[in-house]
Amino acid sequence: MARQWKAAVVGTGVVGGWHVGMIPRIPNCSLVAVCDTSPEKAHACLEKNQVTGVPVYEDLAEMLGKADVDVIHLCTPSGAHCDPAVACLEAGKNVICEKPMEIQLDRIDKMVATSKRTGSRLAGIFQNRWSDANRAIKAAADEGRFGKFAWAGCFTPWYRPDKYYEEGGWRGTWKLDGGGAIMNQSVHAIDLLQWIVGPVKSVSAYASSRIHPKIEVEDTASAALEFENGAYGTIMGTTAMFPGMPARIEVGGENGTAVSENGLKFFKFRDERASDAELQERLAQGRTKSAGGAGSADIGMDLHARNIMHILSAWEEGRDAETAGAEARKAVAIILAIYESARKNGAAVRVA
Ligand SMILES: NC(=O)c1ccc[n+]([C@@H]2O[C@H](COP(=O)([O-])OP(=O)(O)OC[C@H]3O[C@@H](n4cnc5c(N)ncnc54)[C@H](O)[C@@H]3O)[C@@H](O)[C@H]2O)c1
């Protein structure tokens with residue numbers, strides 16, 4: 001029988017609210033505490049999700065001392081993941097951390113090292129790895145069905161209004177968001193790209209804010225890539241394309257091409273199988289309209305639930321999850337290389 005997990009959510013804003021709503025619906029999980037530096041937000045979040053009898057903490061150390069909890073869902077701003085994660089891991093708690101794992105590699109390394117030293121587990125959320133369409137493309141890549149990759153790209157043509165950046169205060173800042181459209185929004189598609197095609201060797205990029213004059217960071221970026229396997233690629237990401245369209249992943253080469261765009265849009269191989277057409281028909285449509293393109297409210301929670309259930313099952317089996325810290329680091333390394341290249345006016349930068 002599956003182990004029962006006692007979970008707490010730290011950071012009860014937009015995404016923390018999803019976790020609060022989701023945890024009680026995962027069969028072997030219960031929500032035992034929530035923590036937010038703004039307790040009013042935590043109370044409002046519990047009320048909105050019709051959760052009663054769960055204590056609210058304003059101070060993480062107090063919660064770690066008092067609550068009987070074994071997994072922390074960390075949903076604080078992106079540049080405020082490291083300190084709470086390290087505190088939780090040091091206190092013997094396992095951590096599920098929202099994307100991006102952190103906004104600087106040394107902080108991710110610290111989180112990973114603390115997890116290794118303490119034996120408490122650390123895993124990231126990259127829920128799009130659990131979409132059936134993306135998993136079908138990954139399986140084809142692992143089987144070698146594409147042959148030699150020629151080119152692979154990811155496109156995140158999203159839109160966020162000024163209000164999105166004004167709310168919360170941390171969005172669109174280097175200090176706590178760590179970047180803009182690329183670090184916050186495109187990180188999902190960038191993770192999928194490197195997961196399917198393999199490590200990115202170098203990038204050459206441009207980035208700036210086109211329509212959001214008040215933010216410090218980019219709302220639009222475009223990068224040319226070279227993968228370690230020799231293929232070329234493209235990353236584009238924006239929050240400046242009204243009204244926002246679904247993200248798209250496109251990979252192909254010698255023996256096949258596949259496209260995922262809120263569903264499996266193209267899936268053709270030289271070694272055609274009867275199951276390919278069936279798969280494409282079954283997975284053609286995604287479940288939400290813009291799949292996040294027009295706003296966070298349109299992201300949907302089912303993939304999050306799958307991601308979390310996978311993490312807990314892996315831990316129950318005594319192994320790290322697929323999105324363990326070192327794996328969640330890879331997309332951030334690519335993103336930081338994109339920023340460095342953009343600062344150098346498009347000069348090629350090697351991914352760390
Ligand atoms: N997986 C996804 O699709 C997805 C979507 C959106 C956001 N996110 C990620 O989720 C995280 C949170 O984003 P959000 O949009 O929910 O932000 P938000 O501003 O809505 O919520 C953040 C909450 O954290 C609280 N907080 C800040 N510092 C804290 C601390 N040290 N201890 C406890 N609480 C603290 C704030 O008071 C706030 O309530 C970010 O890392 C973001 O990138 C993931």
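These legends walk through a few close-up views of a predicted model. Residues are numbered from 1 along each chain as its sequence is written, and side-chain values use heavy atoms, with hydrogens and water left out. In this predicted model, local features need pLDDT of at least 70 and side-chain atom pairs count only at pLDDT 80 or more, while totals for chains, interfaces and linings use all residues.

**View 1. Domain 1 against domain 2.** The chain splits into domain 1 (5-125) and domain 2 (128-303 + 330-350), with bounds that come from an automatic or database domain assignment. Their C-alpha centres are 26 Å apart. To the contact (heavy atoms within 4.5 Å), domain 1 brings 15 residues and domain 2 brings 17 residues. About 1300 Å² is buried between the two domains, and carbon and sulfur atoms supply 73% of that area; buried area here is the accessible area (1.4 Å probe) that two parts lose on being put together, summed over both. On the domain 1 side, look for W18, K99 and I103, which lose the most area to domain 2 and together make up 41% of what that side buries. Salt bridges between domain 1 and domain 2 number zero.

**View 2. Helix α8 packed on helix α11.** Here α8 (residues 181-197) and α11 (residues 325-343) pack at an angle of about 120 degrees, their axes 9 Å apart. Axes are lines fitted to C-alpha atoms, for helices over the stretch in contact, and angles run from 0 to 180 degrees between N-to-C directions. Helices (H or I, at least four residues) and strands (E, at least two) are DSSP runs, numbered from the N terminus. Residues of α8 that meet α11 include I182, M183, V187 and W195, and their counterparts in α11 include A331, I335, L336 and Y339. By class, this contact has 12 nonpolar, one polar and three charged residues.

**View 3. The R3 to D70 salt bridge.** The side chains of R3 and D70 pair up at 3.2 Å, N to O. A salt bridge is a side-chain nitrogen of Lys or Arg within 4 Å of a carboxyl oxygen of Asp or Glu. R3 sits in the segment before β1 (5-10) and D70 in the loop between α3 (60-66) and β4 (71-74), so to speak 67 residues apart. The structure holds 27 salt bridges.

**View 4. Backbone details in three loops.** The K99 to P100 peptide bond is cis, with omega near -20 degrees, and P100 lies in the loop between β5 (94-97) and α5 (105-118). Another cis bond runs from F242 to P243, with omega near 5 degrees; P243 is placed between β10 (232-238) and β11 (248-253). Q50, although not a glycine, has a positive phi of about 55 degrees.

Terms used: Ala, Val, Leu, Ile, Met, Phe, Trp, Tyr, Cys and Pro count as nonpolar, Asp, Glu, Lys and Arg as charged, and the others, Gly among them, as polar.
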